[in-house]
Amino acid sequence: MNNNNSSSNEGVSSPLPNTSSPNLISNSNIENEIEIKKKSNNNNNIFEGDNSHIYNQFLGEDFNVVHYTSNALKVSSISLSLNTLSSCTKELGQELTENITTNYDDLFKLANNIKELDQLTDTLKLGVSNLEESIQRMKKDISEPYNKVKSHIGQLKRVQDSCELLRKIIRYIQLVKKLKNHLQAGSRDLSKSAQCINEINLLKKDSDLTGINIIDSQVLWIKTCSDQIITISSTLLYQGMENQNQTDVANSLQVFHNMTILNEKVYSIVNLTTEKVIKNIKALLNVNKLIADLPKTTITNNITNNNNNNNNNNNNNNNNNNNNNNISNNIILTSTDKSIWLKFESLIDTLYSSLIQILHLQRVLLKIKDPLTHKSLMEVLLIKQHQLQQQQQQQQQQQQQQQQQQQVGTTSNNIQPILIEMISTLFWKSILKVLENNLLVAAKSSNIIENTFIREYPKVSKFFLDFIKKLQNYIDIHQMDIQQQFMIVLSNINQIIGNNGNNNNNNNNNNNNNNNNNNNNNSIEPSSSTSSSSTTTTTSLILLSADDYKLSLFKSIGLFEKAYLEYSQSKMSTIVNGLFPQSTWSSRSALPVIPNGKQLVDLSKTIWSEIEWLVGNNDRQLLGKLMLVVSKVIDLFSSKIESMVQPPGLIVLNTNIGGNNINNNNEIITINENSKPTPSQTVNTLLFNASIQLNSSIQSLLTSQPLERESIILIEKSLSSLITICTNIITPLMNSFFTHIEQIFSTIHNEDW
């Protein structure tokens with residue numbers, strides 16, 4: 001626009017639109033003036049006159065021509081309606097002419113402003129087109145170098161990938177050459193060979209090297225070498241464990257660690273060793289197999305010899321048949337008993353050798369360290385075990401959560417805590433569990449096993465004590481040098497478990513908070529109660545001592561120990577009860593049966609044999625329990641003696657009382673030079689002698705055998721009650737004798753010399 005137009009018409013002063021232009025403001029002023037004039041002429045408005053109802057019909061938004069025409073024909077004729085519409089049209093034309101005449105100046109101004117607005121629009125379009133051309137030129141200037149840079153980057157990336165692949169191929173070839181050199185060196189470099197194979201596997205895992213001929217040609221050979229190395233290392237490991245060769249075991253473990261199969265191999269060896277011991281346990285307790293394995297020729301020869309002896313001594317065929325049956329049964333039982341103890345000795349030897357192998361493996365694991373992390377292989381093994389158990393527990397928790405989501409309102413917390421144990425503890429627990437269960441099952445299913453292990457329990461105890469003694473010697477020699485390594489492993493494992501526990505608790509708290517927020521937001525829906533318990537880890541990292549092995553081992557056969565003590569008590573109590581067929585005795589009846597010297601000797605021999613057996617086995621723990629049984633037997637003997645003791649009666653001189661007057665409770669005994677002992681005196685004397693004989697025998701046992709002080713005190717306490725009964729028997733008789741002597745002395749004349 002030029003200056004003339006801007007001065008005359010108050011137009012725009014620039015090619016771009018300006019919101020503060022005076023012409024745009026004048027347009028609004030013109031419109032306001034027109035509105036004011038319209039309001040001033042409202043009195044002459046045709047829309048408010050007589051024909052306003054006609055105009056209002058056409059102003060409605062819902063106006064319909066067909067509807068209006070049909071209504072007009074119904075109300076009046078066509079000519080009348082046309083006249084009305086013609087007059088209204090003329091009236092509208094006059095109104096429009098008047099408005100134009102009145103406001104023509106303003107209308108001219110509006111038309112001028114529209115022309116200026118068109119010019120501004122054209123200018124704006126020109127600026128926009130210029131801007132688009134500039135953008136296109138800029139885009140062209142930028143896209144060309146960008147495409148070049150992009151292509152160069154792609155080329156560089158492909159070059160880098162190619163270089164990286166070439167480096168991996170070169171590294172692969174170098175590792176293959178190293179592997180061949182190490183394999184030529186033999187078993188000395190097995191760990192280095194395993195390290196090469198592990199690095200080769202990592203290269204193949206990190207990147208896809210398939211399709212490269214130089215690599216594909218070596219895959220089968222490397223797989224064969226890997227299997228060969230594992231086989232050789234496994235053989236060396238077994239031989240090293242059997243021979244207690246620390247070097248072979250350490251090299252084999254290092255191979256397994258380098259090939260990342262240490263966890264699987266170690267627990268596989270523990271399981272195989274456990275299965276070997278379990279197999280021996282089941283063979284020991286299989287009675288049918290024991291009988292089937294007996295040499296039939298030996299049994300047949302023994303039965304034939306016994307038959308010949310019976311035919312020479314007896315002529316009765318029926319008796320011979322019965323004797324043959326009994327003898328054959330006894331021979332089978334004796335042979336079975338020998339076979340059981342032979343197999344039991346073999347079991348103890350296998351158990352000892354297996355446990356020593358596991359302890360040796362554990363010792364080497366504690367001493368050997370990873371060259372990279374400087375952690376012992378035992379720590380690496382336990383950490384891996386903890387991680388695997390954590391993964392299993394997480395899977396169980398996820399399964400439970402899914403079940404809880406399917407069953408709304410149910411809660412379950414069956415996740416077992418993680419238990420970390422040393423491999424020796426794991427092995428020992430497994431063996432004891434199988435041993436205890438199989439012993440119980442065998443005892444219930446076979447009387448032979450039950451009777452053998454109950455009646456000859458001291459043999460079982462002796463085998464176990466010898467086992468513990470040998471184990472003690474091994475632990476004292478070989479386990480003292482790993483205490484420091486074990487404490488380091490224990491500290492590190494506890495620290496790792498503590499950190500994991502804190503992380504799990506934080507995660508569980510966050511999950512619980514999220515669940516609470518969701519329940520608050522969705523309060524209309526039924527809530528499902530779920531229990532998300534934190535992962536708990538229990539450590540059982542201890543080096544078991546010989547006492548720990550002893551306690552757990554004897555605990556597994558505690559049922560047989562209890563049965564043996566009950567059997568011993570029953571056997572000795574039966575002998576005591578057989579000595580006294582009558583529980584009480586009256587002076588009016590015949591003399592009772594009093595135990596004689598031979599019977600008391602048999603009782604003493606039975607007690608001596610039981611105690612000497614255990615003393616010879618050096619089984620102090622079982623001996624102490626048996627002494628308690630002996631004490632109870634002595635108490636039973638004392639009660640039997642006490643129940644048969646008779647009142648002593650009163651002994652007087654032969655004065656005016658003629659003969660012997662006997663009462664039930666107050667017996668008056670008249671003696672002279674021809675008097676004989678009364679039945680009560682005879683019984684009491686025999687009881688006294690029997691008690692003194694048993695007391696002397698037991699006292700000799702106490703002084704001749706190396707018994708514990710507690711056991712001696714216990715037996716002496718029982719013997720003191722027996723001595724008290726003897727004192728009660730002899731004291732009244734001696735008092736009566738002294739009284740009689742005093743009476744005799746009182747009749748002597750006093751001589752006056």
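**Pocket, helices and loops**

Modeller: In this predicted model, α4 contributes seven residues to the lining of the second largest pocket, and it gives the most.

Biologist: Which helices each supply at least two residues of that lining?

Modeller: Besides α4 (65–75), the helices that each reach at least two lining residues are to be named. These are α3 (52–59) and α5 (78–102).

Biologist: How much space lies in the second largest pocket, and which residues that line it are the closest to its centre?

Modeller: The space in the second largest pocket comes to about 490 Å³. Its lining has 20 residues, and those closest to the centre are Gln57, Tyr68, Asn71, Ala72 and Ser81.

Biologist: How many residues of each class does the lining of the second largest pocket have?

Modeller: The classes here are nonpolar, polar and charged. The lining of the second largest pocket divides into ten nonpolar, nine polar and one charged residues.

Biologist: What span should helix α24 have, and how far apart are its end C-alpha atoms?

Modeller: Helix α24 covers residues 709–746, which is 38 residues. At 1.5 Å a residue, α24 should therefore span 56 Å. This agrees with the model, where the end C-alpha atoms are separated by 51 Å.

Biologist: At which residue does α24 bend, and which proline follows within four residues?

Modeller: The bend in α24 is about 25 degrees and is placed at Ile730. The proline that follows within four residues is Pro732.

Biologist: Which residues of α24 are buried?

Modeller: Buried residues in α24 include Ser711, Ile712, Ile715, Ser718, Leu719 and Leu722. The list also holds Ile725, Cys726, Ile729, Ser736 and His740.

Biologist: Is Asn684 buried or exposed, and with which residues is it in contact, leaving aside its neighbours within four places in sequence?

Modeller: Asn684 belongs to helix α23. Its relative accessibility is 8%, and the limit for buried is under 20%, so Asn684 is buried. Leaving aside neighbours within four places in sequence, the contacts of Asn684 are Met644, Val645, Gln646, Pro647 and Ile729.

Biologist: Where is Gln705 found, and is it buried or exposed?

Modeller: Gln705 sits in the loop between α23 (679–704) and α24. Apart from neighbours within four places in sequence, Gln705 is in contact with Trp608, Glu612 and Val615. Its relative accessible area is 15%, under the 20% limit, so Gln705 is buried.

Biologist: What is the phi of Gln244, and what is that of Thr260?

Modeller: Most residues other than glycine have a negative phi, and most peptide bonds are trans. Gln244 is in the loop between α8 (213–243) and α9 (246–258), while Thr260 is in the loop between α9 and α10 (262–284). Gln244 is partly exposed at 29% relative accessible area, whereas Thr260 is exposed at 57%. Both phi values are positive: near 55 degrees for Gln244 and about 60 degrees for Thr260.

Biologist: What separates the C-alpha atoms of Lys462 and Asn617?

Modeller: Lys462 lies in helix α17 (residues 457–478) and is partly exposed, with a relative accessible area of 34%. Asn617 is 155 residues away along the chain, and the separation of the two C-alpha atoms is 5.8 Å.

Biologist: What separates the C-alpha atoms of Asn437 and Ile557?

Modeller: Asn437 is part of helix α15 (residues 423–445) and is partly exposed, at 39% relative accessible area. Along the chain, Asn437 and Ile557 are 120 residues apart, and their C-alpha atoms are separated by 10.0 Å.

Note on methods: Residues numbered from 1 in each chain as written. Predicted model: local features only at pLDDT ≥ 70, side-chain atom pairs only at ≥ 80, totals over all residues. Heavy atoms only, no water. Expected span 1.5 Å × (residues − 1). Bend = angle between axes of the 7 residues up to and from the residue. Buried < 20%, exposed > 50% of the residue type's maximum accessible area, 1.4 Å probe, protein only. 1 Å grid on protein atoms, 1.4 Å probe; cavity = no way out; pocket = protein on both sides within 12 Å on 5 of 7 lines; lining within 4 Å. Points joined across faces, edges and corners; volume = space filled by probe spheres on them. Nonpolar A, V, L, I, M, F, W, Y, C, P; charged D, E, K, R; others polar. Contact = heavy atoms within 4.5 Å.
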